[in-house]
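The sequence and the model come first.

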Amino acid sequence: MAKINSKVTMSDGTEIVVPHDENATDEEISSLATQQYNQRQSTSQTPAESQRLRSAAQGLTLGFADELEAALRNPSSFLGYALGLSDGKDYNERLEIVRKKLESYRSENPLEALAYEAGGAVLPALAAGLFTAGSGTAAVGTSTAARLAPTLMRAAKIGATEGAIAGFGAGEGGFGERAKSAAIGGTFGGLLGGVTPVATQQIGRGLRTGLDALNIGGQKRATTFSERKILEALERDQISLDEAKTALDEARQVGAQDIMLADLGTNLRGLGWRAQATPNKMRKEIQDALEGRRLDQAINIANVGRTSLNVDNLTGLDYLDDLATRTQREAQPAYDAAYAIDLDTSPFKELAKKPVIQQAYEEALDLASIDPDVSIEGMPKSLGEFLSTTDDDVSNIFMPTQLAHQVKIGLDSLIEKQIDITGKVSQKGRNLIKLKNAWNSKIIEQNSLYAKANKDFADKAALQKSYGIGFDFFKTPEKNLVKSVNSMSKGEKEAFRIGLVSKMEEMASSTNDATDFVKTIFGSPRKRSAIRLAFDNSTDFENFEKFMKLEASKMQTYRKTLGGSETAERQIQMADAEIDPSSVIRTVGQAATGNIGSAASSVASRLGSRIQGINERSAESMARMLFNTDPAEQRRILQALNQRRLIDEESRRKMLARPEFYSGVIGTTAGLLSGESQ
């Protein structure tokens with residue numbers, strides 16, 4: 001039987017040439033055309049653009065694009081199938097063809113197919129974000145789990161919902177199979193969508209660190225990196241930017257003029273060490289600055305101690321002499337009133353028999369003859385002759401108070417000769433003091449005005465004694481020191497302060513360069529208690545104590561950054577930071593000789609700083625901020641840090657404000673994959 005060809009136009013406009021018997025019916029010809037069309041569709045390579053469009057549509061419609069396409073191409077067959085009026089043969093055949101094309105495309109281009117499906121899922125994800133009205137802003141500016149929890153829960157919900165819908169849409173078969181795909185898609189969509197906001201943030205941080213490690217981005221990026229690292233260190237030290245500014249200002253108020261940002265916390269000091277250890281242009285400047293602070297520590301402490309205790313320019317014995325002169329001048333009116341009273345000589349006779357009393361009187365006359373403010377008119381040449389009498393029946397002889405006072409002045413002069421340059425009194429001097437006190441007691445028993453003048457204005461010997469107590473403040477037991485200071489007059493208390501400051505200055509001038517001067521004079525409760533006694537009020541002492549703590553903090557910065565013993569760990573850390581040509585040559589040599597393990601270990605040990613993103617530029621930038629001592633520049637640095645904080649918080653806010661966008665894309669993609677796996 002003869003064969004002829006007939007042209008048949010299919011529903012999508014495709015023309016099929018069908019060879020058939022010349023007596024074949026129209027139904028038979030149509031069936032042959034359908035078979036040929038289906039075979040061609042299942043085996044032909046459709047243009048990639050069509051499959052990309054189909055993949056994107058799958059994401060856009062949450063997995064229902066294949067069914068929509070089949071329904072649109074065969075509307076009557078789909079309607080009959082949906083209403084249960086027919087088997088929907090044409091609709092199901094078309095659906096099978098579309099799915100086979102998608103499967104073929106996914107098999108040949110898996111990554112590309114996934115990208116297009118995920119890209120298509122963006123629009124419904126955006127819609128979900130708009131639907132929530134951006135309530136993700138609750139988590140702005142924080143990384144804590146408590147603050148992120150609402151955002152992550154919402155993101156997980158969106159991811160699970162879109163994952164379930166996409167899984168159901170991408171599933172094949174009956175309701176049971178599709179429900180299984182929906183469950184899988186919802187589970188993975190919820191899990192992956194929930195962690196996406198945090199994961200995105202961490203990925204971004206990791207990318208930044210990688211760029212920093214490779215020294216990509218120039219000085220601007222290095223500055224940004226340095227600001228973020230300092231903000232991290234401040235957060236770990238639990239110091240806000242406002243607290244840092246206050247701490248720097250208060251440090252200068254109590255005397256620490258060369259305070260640095262690195263001095264404020266342990267983590268800041270650690271970052272300062274890393275900045276200094278990494279080769280950069282600031283290293284020499286940092287070393288000089290820290291070394292200079294260490295060398296100047298003792299004299300700075302002595303100077304601040306002098307200022308805090310309100311001690312004038314003169315110190316040592318020169319100041320003591322000046323103080324005695326001023327005390328005598330201020331006391332003169334009170335003593336002039338006391339001199340108007342004459343004293344009964346009887347109580348003085350036994351003491352006057354001692355040759356040293358006559359010697360003291362002669363010493364006093366010699367001093368009075370020189371002093372323009374003292375008159376010796378009417379004073380006897382010999383005290384012994386004046387006090388003696390041969391007639392026991394005559395009335396008692398009276399002695400002017402001023403004459404008795406001159407004897408005491410003479411004793412003071414003799415005592416002064418028994419005090420060495422450090423203020424220490426000899427044994428003879430201590431006996432003279434005892435004699436002088438006995439003589440003085442005889443005066444005050446008869447002259448209350450003289451007693452009051454003595455109480456209000458300490459004499460030179462008492463000032464010298466107080467000075468010596470202050471000079472030996474770190475040797476005297478605390479109990480004895482408290483008792484002595486509490487009984488001091490105003491002048492004696494001043495002399496005590498002068499002695500203490502003089503000791504500080506002497507120790508500062510003779511201390512070894514390697515000495516921690518804070519520990520030398522403030523390193524024990526007894527020493528701190530002694531110094532506390534020298535202050536007239538607790539506020540001044542507390543300010544000085546703050547200053548000393550800052551000086552201790554500065555020493556910690558020095559030791560962390562430059563000093564201390566170089567243990568094996570520190571040597572490795574130094575090697576981490578300093579990657580020099582010789583180390584590279586050494587590592588290459590190890591690898592070339594087959595010692596791969598050593599080479600790998602060497603590389604790892606030298607990449608510590610690089611892995612953290614620290615390079616020459618960022619190290620220099622960090623050093624300039626951490627070790628700066630200029631107040632105006634420090635304020636500018638803190639302002640820049642605050643600006644960086646605000647910018648980063650705004651970036652995080654924008655990212656977290658729409659977590660539904662990320663979670664929706666992830667959820668839809670998870671659902672599509674779960675449907676495809678069934």
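## Helix H23 and its packing

Helix H23 is mostly covered, with 16 of its 21 residues buried. From the first C-alpha of H23 to the last, the 21 residues reach 31 Å, close to the 30 Å expected at 1.5 Å a residue. The model is predicted, and features at the local level need a pLDDT of at least 70.

H23 covers residues 490-510, and its axis comes within 10 Å of the axis of helix H25, residues 525-533. The two axes cross at roughly 135°. An angle of that kind makes H23 oblique to H25. On the H23 side, the contact is made by Lys493, Phe496, Leu500 and Met504. H25 contributes Ala530, Ile531 and Leu533. Sorted by class, the contact of H23 with H25 has six nonpolar residues, no polar residues and one charged residue.

## The pair H19 and H20

Helix H19 (residues 427-446) packs against helix H20 (residues 448-456) at an angle of about 125°. Their axes are 5 Å apart. This makes H19 oblique to H20. Asn440, Ile443, Ile444 and Gln446 of H19 make the contact with Ser448, Tyr450, Ala451 and Asn454 of H20. The classes in this contact of H19 with H20 are four nonpolar, four polar and no charged residues.

## Helix H12

Helix H12 runs over residues 266-277. At 1.5 Å a residue, its 12 residues should span 16 Å, and the end C-alpha atoms are 16 Å apart, so the two values agree. H12 is mostly covered, as nine of its 12 residues are buried. The buried residues of H12 are Leu268, Arg269, Leu271, Gly272, Trp273, Arg274, Ala275, Gln276 and Ala277. Arg269 and Arg274 are among them.

## The chain as a whole

What does the secondary structure of the chain come to? There are 33 helices and four strands. The chain has 678 residues, and buried residues make up 43% of them. The accessible surface of the chain comes to about 34900 Å². Carbon and sulfur atoms account for 54% of that surface. Among contacts in the chain with a separation of 6 or more, 73% are between residues 24 or more positions apart.

## Single residues within helices

Glycine 410 lies in helix H18, residues 401-416. Its relative accessibility is 0%, so glycine 410 counts as buried. Leaving aside neighbours within four places in sequence, glycine 410 is in contact with Ala360, Glu363 and Ala364. Lysine 436 is 26 residues away from glycine 410 in sequence, and the two are 9.4 Å apart in space, C-alpha to C-alpha.

Serine 308 belongs to helix H13, residues 283-308. Is serine 308 buried or exposed? Its relative accessibility is 18%, so serine 308 counts as buried; the cut-off for this class is under 20%. With residues up to four places away in sequence not counted, serine 308 touches Phe535 and Phe544.

Threonine 34 is part of helix H1, residues 26-43. The relative accessibility of threonine 34 is 24%, and it therefore counts as partly exposed. Threonine 34 touches Met10 and Glu93, not counting residues up to four places away in sequence. Valine 18 and threonine 34 are 16 residues apart in sequence and 9.6 Å apart in space, C-alpha to C-alpha.

| Residue | Relative accessibility | Class |
|---|---|---|
| Glycine 410 | 0% | buried |
| Serine 308 | 18% | buried |
| Threonine 34 | 24% | partly exposed |

## Loop residues with positive phi

Glutamine 238 lies in the loop between helix H10 (218-236) and helix H11 (241-253). Its phi is near 60°, a positive value in a residue other than glycine. Glutamine 238 is exposed, with a relative accessible area of 70%.

Asparagine 310 is found in the loop between H13 and helix H14 (316-338). Phi of asparagine 310 is near 55°, again positive in a residue other than glycine. The relative accessible area of asparagine 310 is 60%, so this residue is exposed.

How values were computed. Residues are numbered from 1 along each chain as its sequence is written. This is a predicted model: local features need pLDDT of at least 70, side-chain atom pairs count only at pLDDT 80 or more; totals for chains, interfaces and linings use all residues. Side-chain values use heavy atoms; hydrogens and water are left out. Axes are lines fitted to C-alpha atoms, for helices over the stretch in contact, and angles run from 0 to 180 degrees between N-to-C directions. Helices (H or I, at least four residues) and strands (E, at least two) are DSSP runs, numbered from the N terminus. Angles under 35 degrees count as roughly parallel, over 145 as roughly antiparallel, 65 to 115 as roughly perpendicular and the rest as oblique. Contact means heavy atoms within 4.5 Å. Ala, Val, Leu, Ile, Met, Phe, Trp, Tyr, Cys and Pro count as nonpolar, Asp, Glu, Lys and Arg as charged, and the others, Gly among them, as polar. Buried means under 20% relative accessible area, exposed over 50%, partly exposed in between (1.4 Å probe, protein chains only). Accessible areas come from the Shrake-Rupley method with a 1.4 Å probe; for residues, only the protein chains shown count as cover. The expected span of a helix is 1.5 Å times one less than its number of residues.
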